[in-house]
Amino acid sequence: LALTIKEENESKTSINLWGPPSLEAYINATRFYIFHQQLNFKHFAFDKNTPYFQDENITLWPVIVDDINSSLYETHKDSESSTNRNKKMKTGQQVPNSFVYNYENPQKPTIINYICQLSPLPGKFLNDKAEALGVPNNKLRKLLIMGQTITLKNGTVVRPEDCVGSPEPGMVFMIIHCPTPKHISQLINCNRFESFFVNAEKKQPDLIVHICPMNVVENSSYIEWTNKFGQNTKHLILNSEVCGGPAPAASEESYHKLHTLNSKIFPLLKDKDVKPIVKKIPHNWRISDTLLSYHFRPRSIMGYDRSKVRDKLNISSITRKLNNTFDIEKALQTNDQDILKPEDHPLSTISSSSVQCNLIGKHGEIVFLGTGSCYPSKYRNVSSILLRLNKEKCMLLDCGEGTYGQLYRHYGNELTDILRQLKCIFISHMHADHHQGIVEVLLEHKRVMQDINESYSPLCVIGPRTLHKFLNEYNSYFERIQWRFLLASEFLNELSPFSEIVKTELDITSMKTVYADHCKGAFCVALTHDEGWKLAYSGDTQPSLKFVEIGKGADILIHEATFEDDLVSEARSRRHSTTSEAIDIGLKMNAKFTILTHFSQRYPKIPKFSQKYNDRTGIAYDHMTVNSESVTLLPQLLKPLNAIFKEEDETDE
């Protein structure tokens, strides 16, 4: 959100941020990857002494409870035990800085609930009374509606209440966050809620949103408390246990079309499993759906709105529609020379016969979780790639915002196994679209591993120094996260003793980094597996000969291709690569196959074709999954992909 505001807020007007006391600390922690001089934020903290917040649209009363379950209340004994545990690695060696930082927390962790009331609507203007008082039909009537007293030319003083009906009180709604049953007693005894009970002085709430797990919602004390607001109050349950629903139709339908082209490269995504509700909920309670809305005004449409809630897509109908558009089998069998018009885009003369069939080993696999740049879009999430090294080990190459959600959509209930196999996260640089999802992945990995084995060994994180600083601050102010950290610069040469530890952890024989030509502290990486195959990943960079050197002879090159060939000057100013430049790096590197990713969001579906696309080049899509058997099929998909998305664009228009 901060990055979006920075881009869109050209006037640089001040943005006021209200929240818990630790909000300012969080914003300050973003200085490691956001230039704060380009932001104009003012921080205001709610605490137990804050009476309320009010502007022209809303009045908001904060209800603050102590987060007694926060990991920041970890005892010294727990902290020391956790630190010692994190220093251990399976090799018996230790990594510097591979421990949890447990600084004294300057703020008590709090949870803020909100009571909100919309501003009252002005009363109806009573024309007959205004005419009787001699109020002319001009701007004087508007002043009365706005609550101002006026004086007529004849000296008559007219007050708003003389010809304006009583104002209509604004609707009341509440946002309740009660994360565990331990918090219930403290929450329900907050006296600020009592004014909104039935027969109390204030208007009863029209809607209460409960961000609570089911063991809170079904708790007898909690139910008794919610009943005090009256039977006319609507209640909405919002939690990960019972809430689900399909993704927005446009992106889901596009992906199913890709699945129709090749079900192995584009496997079906997993629906979220939701628990059935054991107890029957009252008539005025309901479970939220994705894109469900609630209207407070105007009264004519007040209530729930399901118009944007999507039903599950009919996959068979999508397949039929696609088959009616063009012959998929014929398109897939089309000679490569027909993929692009030869007179406009001559293909490279490199033959596909030079592409070997064992590019990622026997059990290696690449899953593209995010293939867009800058910010998430409807069709492409931001950068993240899961590299499955073998059946038992995998690592993440970058971890942009929403990575955990993409993992869940891809693997569903199998995600526990993937998190168990996850050994390392490599962060190429400190731009938000490459690392913003790391905290959630670290937390979920910790949860899964502790459920399986008490002797939990935290994930190894490799990245720039500023990433370590950011994680330290997050860990100190918000919630305990655990990691083992290695500087990416340790791998600029393989003389570092710590490279041997990572080799053992990942079953690789080599990992090398070079500084990328992008921003300070950005890295490219190349690794060689025990089975002999080699993969090179560019992160974000302009064409780099240093990267060519460490990637020489790579079986797979994954290279950013942010801009089309016509935008070379923009690529230089932002230190990115064009599609042709990325392909050239593959040729100079003598890479057996190049996969392009990190496309500008101006190309949400398919990037513009380059002159240099060849039978050793593929385009990445979110959730695309390739192994040694399927990766060389990617060039065959170019023509049908172009046809699919051209048809979609024409339909959208």
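Visitor: In β18, which residue is the bridge partner of I425?
Guide: This is a predicted model, and the pairing is read from its coordinates. Strand β17 and strand β18 (residues 460-463) run parallel and are joined by three bridges. In β18, the residue paired with I425 is V461.

Visitor: Which residue of β17 is the bridge partner of M395?
Guide: Strand β16 (residues 394-399) is joined to β17 by four bridges, and the two strands run parallel. Within β17, the bridge partner of M395 is C424.

Visitor: How many of the five residues of strand β17 are buried?
Guide: Strand β17 covers residues 422-426 and is mostly covered. A residue counts as buried when its relative accessible area is under 20%. By that cut-off, the number of buried residues in β17 is five of five.

Visitor: Which residue in β10 does L207 stand opposite?
Guide: Strand β9 (residues 207-211) and strand β10 (residues 234-237) run parallel, with four bridges between them. The residue of β10 that stands opposite L207 is K234.

Visitor: Which residues are joined with R447 into one network of salt bridges?
Guide: The count of salt bridges comes to 17. One of them links D451 with R447, with the closest N and O atoms 4.0 Å apart; both residues lie in helix α16 (residues 438-452), four residues apart, about one turn of the helix. D451 is exposed at 58% relative accessibility, whereas R447 is partly exposed at 40%. Through salt bridges that share partners, R447 is joined into one network with E444 and D451.

Visitor: How many residues apart in sequence are the parts that the pair R575 and D517 ties together?
Guide: The side chains of R575 and D517 meet in a salt bridge, at 2.6 Å from N to O. R575 lies in the loop between α20 (568-573) and α21 (579-589), and D517 in the loop between β20 (508-515) and β21 (523-529), so the parts tied together are separated in sequence by 58 residues.

Visitor: Is R574, the salt-bridge partner of E570, buried or exposed?
Guide: The closest N and O atoms of R574 and E570 are 3.9 Å apart. Exposed requires a relative accessible area over 50%. R574 has 52%, so its class is exposed.

Visitor: Leaving aside neighbours within four places in sequence, with which residues is G361 in contact?
Guide: G361 is found in the loop between α12 (328-333) and β14 (365-370), and at 2% relative accessibility it counts as buried. The C-alpha atoms of G361 and E531 are separated by 6.4 Å, although these residues are 170 apart along the chain. Beyond its sequence neighbours within four places, the contacts of G361 are E531, W533 and S628.

Terms used: Residues numbered from 1 in each chain as written. Predicted model: local features only at pLDDT ≥ 70, side-chain atom pairs only at ≥ 80, totals over all residues. Heavy atoms only, no water. Pairing = 2+ DSSP bridges. Buried < 20%, exposed > 50% of the residue type's maximum accessible area, 1.4 Å probe, protein only. Contact = heavy atoms within 4.5 Å.
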